[in-house]
Amino acid sequence: MKKLCLILAALTAALLLCSCAGSKDASSASKAENTKTLSQVFDDIKSKVEIKDFNEFTSAKSLDRYYGLTDKDFDEFAGGINSTGTNQEEIVLIKAKDQAAAANVQSALQGRYDNKMAQNKNYNPKQAEMVSKCKVESFGLYVTLIVSPNAEKITEIFKSDLGL
């Protein structure tokens, strides 16, 4: 009887260990499936939020031109700037190479944001109000500058798509 109890206990323990390992692997696989590139995230944003008159970033030169960032600072990026000149809408999604680069990216985007506020404060109060409701945010290696009347929804999509 003791042997039977020991065998049953051993089998139960083995089953528990196997089922735990299996659920961990399934969880890891699920996370891997949810990983999207920033280009895919931006495409998802565009499919769910109306974005008009946008010049999308097509090369790293765009990030250097507007933010002083080089490809040494980031692994990937997506977004763009409103092309009308009067609408201050701007969406910048960046994945930095490391924590030091993320801090540099955040500083550069914050500088851009501060300039937008200063330029529009007296010149274009309606746009300044929109800009004031937006911000630069950091999520680990991901840094965003989202200036849009739909900033909250765009941020939700961004975080959801990347599992943040």
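Which residues in H2 meet which residues in H6? Leu38, Val41, Asp44, Ile45 and Lys48 in H2 meet Lys153, Ile154, Ile157, Phe158, Asp161 and Leu162 in H6, where contact means heavy atoms within 4.5 Å. The model is predicted, so local features need pLDDT of at least 70 and side-chain atom pairs count only at pLDDT 80 or more, while totals for chains, interfaces and linings use all residues. Residues are numbered from 1 along each chain as its sequence is written, and side-chain values use heavy atoms, with hydrogens and water left out.

Helix H2 covers residues 38-48 and helix H6 residues 151-162, and the two pack at an angle of about 140° with their axes 10 Å apart; helices (H or I, at least four residues) and strands (E, at least two) are DSSP runs, numbered from the N terminus. Axes are lines fitted to C-alpha atoms, for helices over the stretch in contact, and angles run from 0 to 180 degrees between N-to-C directions. That angle makes H2 oblique to H6, since angles under 35 degrees count as roughly parallel, over 145 as roughly antiparallel, 65 to 115 as roughly perpendicular and the rest as oblique.

A second pair of helices is H4 and H5 (residues 125-132), whose axes come within 8 Å and cross at roughly 150°, and H4 and H5 are therefore roughly antiparallel to each other. Here Tyr113, Lys116, Met117, Asn120 and Lys121 in H4 meet Pro125, Gln127, Ala128, Val131 and Ser132 in H5.

Helix H3 (residues 60-67) holds Leu63 and Tyr67, which are buried together with Ser62; buried means under 20% relative accessible area, exposed over 50% and partly exposed in between, with a 1.4 Å probe and protein chains only. Seen down the axis of H3, the buried residues fall within an arc of 95°, taken from the directions from the helix axis to the C-beta atoms, so they line one face of the helix. On the other side of H3, Lys61 and Arg65 are exposed. The cover over the buried residues of H3 includes strand S2 (74-82), strand S3 (90-96), H4 and strand S5 (142-147). Leaving aside neighbours within four places in sequence, Leu63 is in contact with Phe57, Gly68, Leu69, Phe74, Phe77, Val92 and Ile94. One of these, Gly68, follows H3 and has a positive phi, near 70°.
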